[in-house]
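Let us walk through this model, from one pair of residues out to the contact between two chains. Keep the structure open as you read.

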Number of protein chains: 2
Amino acid sequence: MVKAVVLSSGGVDSTTCVAMAVNELGSANVVTLSFKYGQRHEKELESAQKIADFYGLAHYVYDLTSIFAYSDCSLLSSSKEKPEHMSYADQIARDGEGKVSTYVPFRNGLMLSAAAALAQSLYPEEECGIWIGAHADDAAGNAYADCSVAFNESMGRAISIGTYELVKLHAPLNRLNKAQVVAEGLKLGVPYDLTWSCYEGGEKACGKCATCIDRLAAFRANGCEDPIDYED
Amino acid sequence: MVKAVVLSSGGVDSTTCVAMAVNELGSANVVTLSFKYGQRHEKELESAQKIADFYGLAHYVYDLTSIFAYSDCSLLSSSKEKPEHMSYADQIARDGEGKVSTYVPFRNGLMLSAAAALAQSLYPEEECGIWIGAHADDAAGNAYADCSVAFNESMGRAISIGTYELVKLHAPLNRLNKAQVVAEGLKLGVPYDLTWSCYEGGEKACGKCATCIDRLAAFRANGCEDPIDYED
């Protein structure tokens, strides 16, 4: 049976991806992988653990913090910048196409490479998929260049070649927008109440940062309410 | 001026690559990057530092040890396996084509991704090359799949796309064998006396492991003596 290492950030997209992998391969063949990379808070890691527990999966956590020590990305606790309270679409409309301040330098390349290393360590002679929940809205306007279909195709080829064709990259949400991602997840009964997306580390989600705005809209587009608590 | 981050392991190939980058771009535009990844000894890191000092370059060291915690690769201090005293060519002749026991799971993908992250952190709006000293003998017989031209082409595309076309991968030795690498380095006056390749951590190089055998042969093919000390 093919194995799977699913990148899990504790958010809506990657949790949907976890559910898809479990649905396709069975929980005995799936593990999740999260990263510390110097993010402003670790609430997302707690969510990733809860989701692994929900599905009965082994959950690995790698620490990449030192790699980003020289970056001033606004998502990092070391940065003086703070994430903006504006949707990605509005940021792109204001600033033009290209990198947003929450782009962490080549983070997805690093995370996928680390996942390939884990796959080849746990299953040196077996086929293993790496699943990532990158979706079309992430790559729109080139906000996150390392979320695009073209990026994942190239990384996928590099991963196949570099692992003797044993590890394959899966990005099943890469051509869906966030509303479509949520639609897939609702069909699979994803426990979205356990997820965390907000860039702030408050007790409740802020409802104002780019990722809160986008997830609220995605649930609304599906005619249902986001099950997590938001600040008033 | 274009910048360069050169992967430097302190060995013959990557040190040749450092010399080529300095020769092309000038030392003010070049930095080197080494990795702790749980290798059996850190003599190669001391050599990498000496080489950076020789050329007057800033030298960065990232620690990826925890990523390889689940691997039993014979190059890792955590493994019960030990590197063999046999050339790669002889290992391939005995075992057939494919992975050798010193293959570290997707290490080059991780190192290149970390270099891309460093490049985008140090020079977020500038063009920067990542230089890697992978050469043809590494990829021969698919001993190290993550050293092949095809691998580097795919990683190079992923790195370009994921960094908004600012970071480009250079593998100038990828079609040369080790004797040709040394020939290039001799022309540039590379301080090979400062390098370290041996998989063992002795005071002198062992002369018997795959990498000692290969470097001794490469100098011999150029009609000169390897300037480092070997055990009797």
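Start with A:Cys128, whose bridge partner in β5(A) is A:Val167. This is a predicted model: local features need pLDDT of at least 70, side-chain atom pairs count only at pLDDT 80 or more, and totals for chains, interfaces and linings use all residues. Residues are numbered from 1 along each chain as its sequence is written, while chains are lettered from A and ligands numbered from 1 in the order in which they are written.

Strand β4 (residues 128-131) of chain A runs parallel to β5(A), and 4 bridges join them. Strands (E, at least two residues) and helices (H or I, at least four) are DSSP runs, numbered from the N terminus. Two strands pair if DSSP finds at least two bridges between them.

Now the helices. Helix α1 (residues 12-25) of chain A packs on the sheet. Helix α1 of chain A touches β1 (3-7), β2 (30-36) and β4 of chain A. Contact means C-beta atoms, placed from the backbone, within 7 Å. The direction of α1 makes about 170° with that of β1(A). Angles run from 0 to 180 degrees between N-to-C directions; axes are lines fitted to C-alpha atoms, for helices over the stretch in contact. Helix α2 (residues 43-55) of chain A also packs on the sheet, touching β2 and β3 of chain A.

The sheet itself is open, with 5 strands in the order β3-β2-β1-β4-β5 (chain A) and parallel pairing. Its edge strands are β3 (58-63) and β5 (167-170) of chain A.

Finally, the chains meet. The contact takes 36 residues from chain B and 36 residues from chain A. On the side of chain B that touches chain A, α4(B) gives the largest share, 11 residues.

How values were computed:
Contact = placed C-beta atoms within 7 Å.
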